Protein chains: 2
Amino acid sequence: KSHTDPIYRYDTFKILIATDIHLGYLEKDAIRGNDTFVTFDEIMKQAVQNEVDFVLLGGDLFHDNKPSRKTMHCCMEVMRKYCMGDRPIIFEILSDQAVNFSHSKFPWVNYLDSNLNISIPVFSVHGNHDDPTGADGLCAIDLLSCAGLINHFGRSRSVEKLEISPVLLQKGNTRIALYGIGSIPDERLYRMFINNQVTMLRPREDEDGWFNLFVIHQNRSKHGATNYIPEQFLDDFLDLVVWGHEHECKIAPVRNEQQLFYVTQPGSSVITSLSPGEAVKKHIGLLRVKGKKMNLQKIPLQTIRQFFIQDVTLSEHPDLFSPEQPNVMLKVMDFCQEKVEEMLEEAERQRLGNSLTPEKPLIRLRVDYSGGFEVFNTMRFSQKFVDRVANPKDILHFIRHREAKDNIKEGMDFEAILSHPTSEVLQLRVEDLVKEYFQKAEKNVQLSLLTEQGMGKAVQEFVDKEEKDAIEELIKYQLEKTQRYLRERRVEATEEKIDEEVKGGAFKEDLAIIRAKAHRDRSDSVRDDDLNLSDEPADIAVESDEASTSAPTIRGRGRGSRGTSRRGRGIYINIHKHI
Amino acid sequence: KSHTDPIYRYDTFKILIATDIHLGYLEKDAIRGNDTFVTFDEIMKQAVQNEVDFVLLGGDLFHDNKPSRKTMHCCMEVMRKYCMGDRPIIFEILSDQAVNFSHSKFPWVNYLDSNLNISIPVFSVHGNHDDPTGADGLCAIDLLSCAGLINHFGRSRSVEKLEISPVLLQKGNTRIALYGIGSIPDERLYRMFINNQVTMLRPREDEDGWFNLFVIHQNRSKHGATNYIPEQFLDDFLDLVVWGHEHECKIAPVRNEQQLFYVTQPGSSVITSLSPGEAVKKHIGLLRVKGKKMNLQKIPLQTIRQFFIQDVTLSEHPDLFSPEQPNVMLKVMDFCQEKVEEMLEEAERQRLGNSLTPEKPLIRLRVDYSGGFEVFNTMRFSQKFVDRVANPKDILHFIRHREAKDNIKEGMDFEAILSHPTSEVLQLRVEDLVKEYFQKAEKNVQLSLLTEQGMGKAVQEFVDKEEKDAIEELIKYQLEKTQRYLRERRVEATEEKIDEEVKGGAFKEDLAIIRAKAHRDRSDSVRDDDLNLSDEPADIAVESDEASTSAPTIRGRGRGSRGTSRRGRGIYINIHKHI
C-alpha cells in the first residue's frame, strides 16, 4: 500500500506535529530576532507541502504570555497565508464541538465556519508560556481562535478537577480521539492525578475503534517530587502521547513499557538555552494514522540556527598550561579561540548547500577552570567573533566542576529510573517521593494532608522514626491494603474506597500507578473471556521513518493486553455529529 | 424617490460613520468596564440593521496603543460576529488596492479575499490612541487587518510628505473617492500642510464625477498655534470631511464657507472626560451618498452611559450660606447633595423605557468655592452615592473662578474666530500664530527656519520691533507678494516659487489659505469659460435628518464655484480595476 494510493490516503490521517515554537523569542535581538518567525513559516509550509489534514501543536506557540504586536502580527500572517485556501478538508468532527471548544466565543472548529475558507485547521493546547491569565482566562492563542485561525482545545476552568472530552475525528474508516491538557502548573496537575481528579472521557460507540492521541504540555523530566507528570499517571488506553514543553527533540516514539503507549517529544523549534539538549537536531513530525496503525516520520527543520556546544576542562591539559605559568590566561584564551574556530568551521561545513540555515551559528564553549585557573574577561574574546557568531556575548561559560553541574542541569534520572526493574522502580520512586513531598510541599498542603488522611498515624511514625524504616512500612501498608482490595472487589467499585481510606498525599502517586497496573492485571486475569490473546500482527504498527539517518523500527505490541477490558473505567460520552 | 426604491438603493451608498470608540477605556472599572464593548456591539449591530455598504471609522477604535488581550478579543468577536456572513456586497473598488493598502501583508480589501466571507467591510484610519509604533510601524488595527477584519487605510510611512491616494469605490452610478489621513502629531501635519507637502491624488477619469469623502483624526479645536489643523488647509474639492478625534458629537454637517465643503464631527461613543462636551447626546451617522448628493442621518446611541454635569457657584447663594456661618460646610454639602439628587432623578426619568442604557449615570457637580469658602472632604459625600452613580469617587469637582478655568478647558475660540468677517479672521489668526509660533516652537525648528527662510530680515525686524507693527508689515509683505504672483502667472506654475521665496514658517499658513482662496478666485474669474453658473439645484443636497428633534436642513450650494477649474492642481492617478 503506497501512501499515494487514494484509498489508503482516504483512510489515513496525516497530521503535522510540532510544539514549543516560542514565537517572539528574542525578537529584539538584531541577529536572532526573526528566527522563530522564519521557522514557524517553515513549519506551516511543511504542512501545506505534505498536504496534512491538520496541524497539531503542543503548546508554547508564543514565547511571551503577552506577545508583542509584531509577534502576533507575524503569527496571524503566517497562519492566514498557509491555513486558508480552497483545498478541501475531508475529515469530520464527531464530537460535540460546543463541549470541545466551550470556552470559545465561536465554539466550533474553524474549518466548519462558513465564513472562513480554511484549508489546514490547526489544533493546539496552550503551553506554560502562553497560558490563560486574568479574570477572563484568555490566553494569546485565544486571539487566534477568535480570529478563526486556530482551534484551541484542552482547556479547563476548574483547578481541582479535569474532565477531558476528546475531539473526535473521522476520516474514512479511521477515527481519532484527540485529547489534550493545556499547561497547568505541574504540582497542581500532579495533585489532581493523585487525587484521581483527572478523567478522560471516552466515546461510548465502538470504544476500541479509536486511535487515542493525547497532547500534554508539562515537565516530563523530574524537576522535584511533584513538579513533573510521570508517564505512569496517564491512562493506558492511550495510543500516542505528544509531549510538549520539553525542548530536546526526542521525536521518535518511545514505548512506555508499563502503560503500553508511545510517547513522542517533538521538542522546541527554536534554541532557547545554550544547553546540550538544544544541540540535538530539531525535527517536526508527520504522523500518519490509519485505523489503529501509526507511523511517525521525522522532518528535519532547515531554518534552525546551528548550535555547537563543547566542553573544555583546563586541568585536563597539563601539557598546554598550568595555573602557575606567567601568561596562562593568554594561552587559555588562544586555546578557547581555537576551539571556537573549530566549531565555526564545522558549522560552515554543515551549512554548505543549505541556503535556509541562518549564517551565524550559536556557539557555546563551557570552560571548566577548576584547579587554580582564573576566568578572563570575555569582552575581548567576544570581539573576535562578533561578525561570525549569533551570540558573541555569551560564547564562553566558565564553570567549576563540570560533573556536579551537569547532574543538576541535565541529569534528570527519570530514564535511569525507568530502566530499573519494576519493583525496584516502585521502591526507589516512592522513597524519593515521600521524602521530597513532605520536605518540600507547601506547609498548608502538608497540614491539611496530615489531618485529612486516614494514614495520619503511619505518617506520624514516619516523622518520629528513621526515614528508611518508615518508608518501608508505609509502602508495605499501602501495598497490602491495595492488594487486599484488588483481590476482593471489582476495581471500579473499590477505587473510591481505596481513595477514601488511603489518603496519604505522596502515597497516592503509587496508588495511581498501582491502580493503572491493576487494570492491566485484571484485563489479563479477571476478564479472560473478553480478551484476544492471539499472536496476530499488532494493531498498532509504529515505524519511525527518519528522513535523515538511523531509522530504528519500533515494534508494535499485541492487542491482547488491551481491548475492551477497560470498559469499566471512565465516563462515556455520546457522539454527536456536528457537520 | 424613496430610499427603499431598489434602483435608488442600487445607486446609493449607505455608510455607517462612527469614530473614537475607544475600546478598552476604563476596562478595569467594575461599573464602566464594559461600556465601550457594549457600545461597539451596538454600533456594529446598527450597521447590520441598516444594511450599510460599509462602516467608516475615524480612528481611536482602541483606547490604548497596546490594547489588552480582553479588549482585542472583544473587538475581534464583535467584528467577526457582525461583519462576516452571506450578505452580498455590491460596490466595487476601482483604485489600485496594492497602493491603498500598501502597508498591509494582505494588500487588498477584505471583502474581495476569497477566503473570507465578509458581509460588511469596515474601513478605518488609525487615531492618536492606536497609532503605529515601533520599528515595524504596526498599530493595533493592523492586527485586525491581518486577521482580515478591517481595512486600514490612510497610512503613510513618510514624516515629511503625504501623498494620499484615495480608495475609489463605485456602486451603480455613484462613485466615492475615499481619502484618509491616520493620526499624525498635529504640529507635524500642520508643518506638512504649510510646506505644501500634502497632496491629495485625484482620479484622472471624470474628475468631477466623484463624491470626495475625507477622514481625518486631528485636533479641530485650536490647542496652540500649530497644534491643530485649520479646516482651511484641506483641499476644497472635498465634499464631506469626517472629523475624528474631537469627542463632542457635532455630527450634523457644518458647511465651511471658505472651503465650501461640509464637516461632520461624529464625536466619541464613550464619555472619556467629565466635561460639558461629553454631555452632548452621542450619535453615529448613517451617510447616504447618491451621485454627488448626500444625506446624513443621525442615529442616537442607546447604550451610552448617561452623563449629567452642573455648575454651582457658592457665592451666588448668599441667602443660603456665607463663609462666616458656623456650619457652612455641612450646609454646602447638603446643597450639593440636593443637586446630585436632582440630576439622578432626571437621569432616571430619561432612562425610563430605555432598557439599553446602563443604570448608573455619570454625575459631575462643579463647585466654584471662591469667595472665602473651603472645600470639604469628598469621601463621605461619595459614600452616599456609591450604589447609584457610576463615578462616586469624583462626582464633585472644586474649582475657583469658573470663568477663567472654562476658557482654558473648553474655550477653544476657533468657532468664535470663524464667525468674524474673513479679513478680520486673517489678521487675528496670523497675529496669534506668528506670536505663538516663535514663542513656543521647539528651538531647533525655530533656528532652522530663521536661517532657511527668505524672510529672515523681516523676521529679524519682528523680533526687534513692537509685535503689532511687525505683524502688520509681514502680512502686508506676504499679501502683496502673493497677489503679484497670482496676477502674473498661472497658479499651478507659481506655487513652488511662492514657496521658495516666502519661506517664513508661520506665514505659510496664510499662504496655504491664500493659495486655496486663489484657486477659488481663479475658478470664478480666469476660467469663466469652464464654469456653469446656472441656478440649477445644487449637486450636493445635504439634509441633516435628525432622528430625534430639531432637523435643520442645510442648504446645498451651487456647482458654479467648483467644477473642473481645479484641474490644474494635484497629481492624477489612473484607475485600475481590481475586482
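B:Arg364 is buried, at 10% relative accessibility; buried here means under 20% relative accessible area, exposed over 50%, and partly exposed in between, with a 1.4 Å probe and protein chains only. Before I go on, this is a predicted model, in which local features need pLDDT of at least 70 and side-chain atom pairs count only at pLDDT 80 or more, while totals for chains, interfaces and linings use all residues. Residues are numbered from 1 along each chain as its sequence is written, chains are lettered from A and ligands numbered from 1 in the order in which they are written, and side-chain values use heavy atoms, with hydrogens and water left out.

Back to that arginine. What does B:Arg364 meet in a salt bridge? The partner is the side chain of B:Asp394, at 3.8 Å from N to O. A salt bridge is a side-chain nitrogen of Lys or Arg within 4 Å of a carboxyl oxygen of Asp or Glu. This pair links distant parts of the chain: B:Arg364 sits in strand E18 of chain B, B:Asp394 in the loop between H8 and E19, and they are 30 residues apart. Helices, as I use the word, are DSSP runs of H or I with at least four residues, strands are runs of E with at least two, and both are numbered from the N terminus. B:Asp394 is partly exposed, with a relative accessible area of 33%.

A:Arg364 is in strand E18 (residues 362-368), and A:Asp394 is in the loop between helix H8 (378-385) and strand E19 (396-399). A:Arg364 counts as buried at 9%, and A:Asp394 as partly exposed at 32%.

Other salt bridges, briefly. The count over all chains is 30. One of them joins A:Glu257 and A:Arg255, with the closest N and O atoms 3.9 Å apart. In that pair A:Glu257 is exposed at 57%, and A:Arg255 is partly exposed at 24%. There is also a network of salt bridges that links A:Asp41, A:Lys45 and A:Lys81.

Now chain A as a whole. It has 16 helices and 21 strands. Of its 579 residues, 57% are buried. Take the contacts, meaning heavy atoms within 4.5 Å. Among those in chain A between residues at least 6 apart in sequence, 75% join residues at least 24 apart.

Helix H6 of chain B runs over residues 186-194, and B:Asp186, B:Leu189, B:Tyr190, B:Met192, B:Phe193 and B:Ile194 are its buried residues. Just after H6, B:Asn196 has a positive phi of about 60 degrees.

Last, the interface. The size of an interface is often given as the accessible area lost when the parts come together. Chains B and A bury about 2,800 Å² between them, 61% of it on carbon and sulfur atoms; that is the accessible area (1.4 Å probe) that the two parts lose on being put together, summed over both. On each side, 34 residues are in contact with the other chain.

How many salt bridges are there between chain B and chain A? The count is two. A:Asp113 and B:Arg80 form a salt bridge, with closest N and O atoms 2.7 Å apart.

In chain A, A:Arg80 is in helix H3 (residues 69-83). A:Arg80 is buried, at 5% relative accessible area. Leaving aside neighbours within four places in sequence, its contacts include A:Leu149, B:Phe106, B:Trp108, B:Asp113 and B:Cys146. The backbone oxygen of B:Cys146 lies 3.0 Å from a polar atom of the A:Arg80 side chain.

Notes
A polar contact is a pair of N or O atoms within 3.5 Å; within protein, one must be able to donate a hydrogen and the other to accept it, and residues adjacent in sequence count only if both atoms are side-chain atoms.
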